[in-house]
Amino acid sequence: MFDEVKKSIEWGGETLTLETGKIARQADSTVIATLGETSVLAAVVFAKKEKPGMDFFPLTVNYQEKYYAAGKIPGGFFKREARPTEKETLTARLIDRPIRPLFIPGFKHETQVTLTVLSHDLENDPDMVAMIAASAALTLSGAPFRGPIGGCRVGYVDGEYVLNPTVDDMHELRNNPEQRLDLVVAGTKDAVMMVESEAYELSEAEMLGAVQFAHDSIQPVIDLIIDMAEECAKEPFDFQPADYSDILGKITAIGEADMRAAFGNTDKQERTAAISAAREKIIEGLSEEDREDANLSTAMKKLESSVVRGDIVNTGKRIDGRDLSTVRPIVGETGILPRTHGSALFTRGETQGLVVTTLGTGDDEQMIDALTGMFRSNFMLHYNFPPYSVGECGRMMGPGRREIGHGKLAWRALQAVLPAATDFPYTIRVVSEITESNGSSSMASVCGGSLSMMDAGVPLKAPVAGVAMGLILEDDGKYAVLTDILGDEDHLGDMDFKVAGTENGITSLQMDIKVAGITTEIMEKALDQAKDGRLHILDEMNKALSETGSFSEHAPRIETININPEKIREVIGSGGKVIREIVETSGAKVDINDDGVIKIASSNGAQIEAAREMIMSIAAEPEVGTVYTGTVVKVMDFGAFVNFFGKRDGLVHVSQMANERVGHPKDIVSEGQSVKVKLMGFDDRGKVRLSMKVVDQETGEEIAAGE
């Protein structure tokens, strides 16, 4: 009944298996990829006819993690998977980026890649398994896909690169000082297609070495997919790219000069208007038949691309008049919003971000329900891209894939320099509002986020800056690497290469390309040129804020204390009665961890001190040899009981009340009297032994023996 094909290799210490022919046979192709006990189903379907009027490639990649894969039931009221999580959205983008450029140019048939996590062993992250499954399914489908690709994750420990580190190794990377890198690379047999990383100040050489290590490591995977395709791939889909050379020749003759002049405008809005006018003039010069040509839109884009790219490669001059390595003018300002905890306005050319930092307590931490379990995050970065930032009207909806992806990239760049939670026990939320955009707003978010957090008083290990690099790669091998690209250079170029880091090294790297891969030589040049740009931007940022700003009076103060974990139950009380009383009485927020760490938060120092005293009165232990001020609570014939430490009482025996003989304790003390006592120790039954006679009752100082 089934025509199954299964192929396996040993890869990175695990068995990688690809199988097809049994499940979802009505799709154009289906592959289940399994690494260890993590399995992902990839199903590919593409339309056999192009929709009329389609001027882009409608590729959709959907990645979904089913909770049953890890033996879990989803949280929430409905108990089923709902809208995509951040991880699912980021993984879908991660897979889309390297496969999209590998479809034959001109292919505009609707294509969908659906990836479903079926099993998760909690060791092998399903994202790379999904990428391999998608590559294999596309290769078998017969679609005009110039793959296959392979993908892997790389760690870096003790100077050694590690292939496919486990989920535990990579979880909360910044809490593991030995692990300095979380790098994902996808590529073909000959070139790298996509890079995404989170790093701890790696040098350019270390990062390049990691990329090369990853590219070498994916070769067995690519060979496995090719081996499988030779046995069971479908016949290639009969697709011939449209020939638009005729219409391109006509519009070039009519409007190349006007288009070149339009791109000569250095102001974005003037340039946009001039380009629009040049297009209209070209269309007016065409015949009615040529205006109806289905390839007109494609040819127009080709003309614009050739004008921009040719000028850059041949003259070294860019749209706005800069040379290849110059960064646009930068202005950084901090403290511009009076009531926020920290704020910054970062402007680079026509790209601008208003970035705001808010400090919160443990109650504000983000709870994330993932396949690997529930965990909390105390650092969030949210990126917003309103339509007015590019002078357009548009619908204001929730964050899309682009916003989530750009926010995560900026998060990765900044997380490496955050202080340890034990040193700065705050939840940090950074929000980047892009107010103007003409290239690399995600890197503006990095720069503005760094300034904003420093303005809020966050003791960052070092400032972070980011820069976006571009590439023009011609068919004859000529190329130009561009620093700080504009929007048009990104749109018409071949690479978007974003690098962020401190003056000591890289903290985040992301690369997307539109051609069939780039060489090590080009990547090395881009990294070196990006370092120069990053250091320049850091110098400009230092003019705005040379040191950490003052802590906002509107931000909560947090004090951290440690108690014996065995005392947690007493501090909380039955049904939370005691902790509620502490919060209500003091007015401070109190957060208790299972390990005995207690965070007390309030913008009022007196409230923090009141809560601290109430907690310590319950949880603290008295120290032998220490003098305390206590209150006599009961007088007996043999001595007096004194409340000296929180709710702790101890006995002052009649022989310890004075240096002379005492007839009865009532001759020395009375109930309610304040006395000074020294903790002498504990008897065999754990009872407290106190002494008054060794302490000066006036000064509270100890009396030396013999005085």
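Trainee: Is Lys 678 buried or exposed?
Mentor: Lys 678 has a relative accessible area of 17%. Under 20% means buried, over 50% means exposed, and partly exposed lies in between, with a 1.4 Å probe and protein chains only. At 17%, Lys 678 is therefore buried.

Trainee: What kind of model is this?
Mentor: Residues are numbered from 1 along each chain as its sequence is written, and side-chain values use heavy atoms, with hydrogens and water left out. Local features need pLDDT of at least 70, side-chain atom pairs count only at pLDDT 80 or more, and totals for chains, interfaces and linings use all residues, since this is a predicted model.

Trainee: Which residue forms a salt bridge with Lys 678?
Mentor: A salt bridge here is a side-chain nitrogen of Lys or Arg within 4 Å of a carboxyl oxygen of Asp or Glu. For Lys 678, the closest N and O atoms are 2.7 Å apart. The partner is Glu 702.

Trainee: How many residues apart in sequence are the parts that this pair ties together?
Mentor: Helices (H or I, at least four residues) and strands (E, at least two) are DSSP runs, numbered from the N terminus. Lys 678 lies in strand 28 (residues 674-682). Glu 702, partly exposed at 43%, lies in the segment after strand 29 (688-691). So the pair ties together parts whose separation in sequence is 24 residues.

Trainee: What does the count of salt bridges come to?
Mentor: Side chains of opposite charge can pair when their charged atoms come close. By the salt-bridge rule, the count comes to 39.

Trainee: How many residues apart are Lys 7 and Asp 227?
Mentor: Lys 7 forms a salt bridge with Asp 227, with 3.7 Å between the closest N and O atoms. The pair links distant parts of the chain: Lys 7 is in strand 1 (residues 5-11) and Asp 227 in helix 5 (residues 219-232). Lys 7 is buried at 17%, while Asp 227 is partly exposed at 35%.

Trainee: Which helix do Asp 246 and Lys 250 both lie in?
Mentor: Asp 246 and Lys 250 form a salt bridge, the closest N and O atoms being 3.6 Å apart. Asp 246 is exposed at 51%, and Lys 250 is partly exposed at 33%. The two are four residues apart, about one turn, and both lie in helix 6.

Trainee: Which residues are linked in a network of salt bridges?
Mentor: The network includes two arginines, Arg 97 and Arg 412.

Trainee: Which residues gather in a patch of negative charge on the surface?
Mentor: Patch residues have over 30% relative accessible area and no salt bridge; like charges are joined within 9 Å, nonpolar side chains (Val, Leu, Ile, Met, Phe, Trp, Tyr) within 5 Å. Lys and Arg count as positive, Asp and Glu as negative, and His and the chain ends are not counted; a charge is placed at NZ of Lys, CZ of Arg, CG of Asp or CD of Glu. Accessible areas come from the Shrake-Rupley method with a 1.4 Å probe; for residues, only the protein chains shown count as cover. The members are Glu 37, Glu 123, Asp 168 and Asp 169.

Trainee: What is the relative accessible area of Glu 123?
Mentor: Glu 123 lies in the loop between strand 6 (111-119) and helix 2 (126-141). Glu 123 is partly exposed, at 42%.

Trainee: Which residues does Lys 408 touch, not counting residues up to four places away in sequence?
Mentor: Lys 408 lies in helix 10 (residues 401-415) and is buried at 17%. Contact means heavy atoms within 4.5 Å. With residues up to four places away set aside, Lys 408 touches Glu 86 and Leu 90.

Trainee: Is the peptide bond from Gly 147 to Pro 148 cis or trans?
Mentor: Pro 148 is found in the loop between helix 2 and strand 7 (150-157). Omega from Gly 147 to Pro 148 is near 0°, and the bond is cis.

Trainee: What is the relative accessible area of Asp 484?
Mentor: Most residues other than glycine have a negative phi. Asp 484 has a positive phi of about 55°, and lies in the loop between strand 19 (479-483) and helix 12 (487-492). Asp 484 is buried, at 0%.
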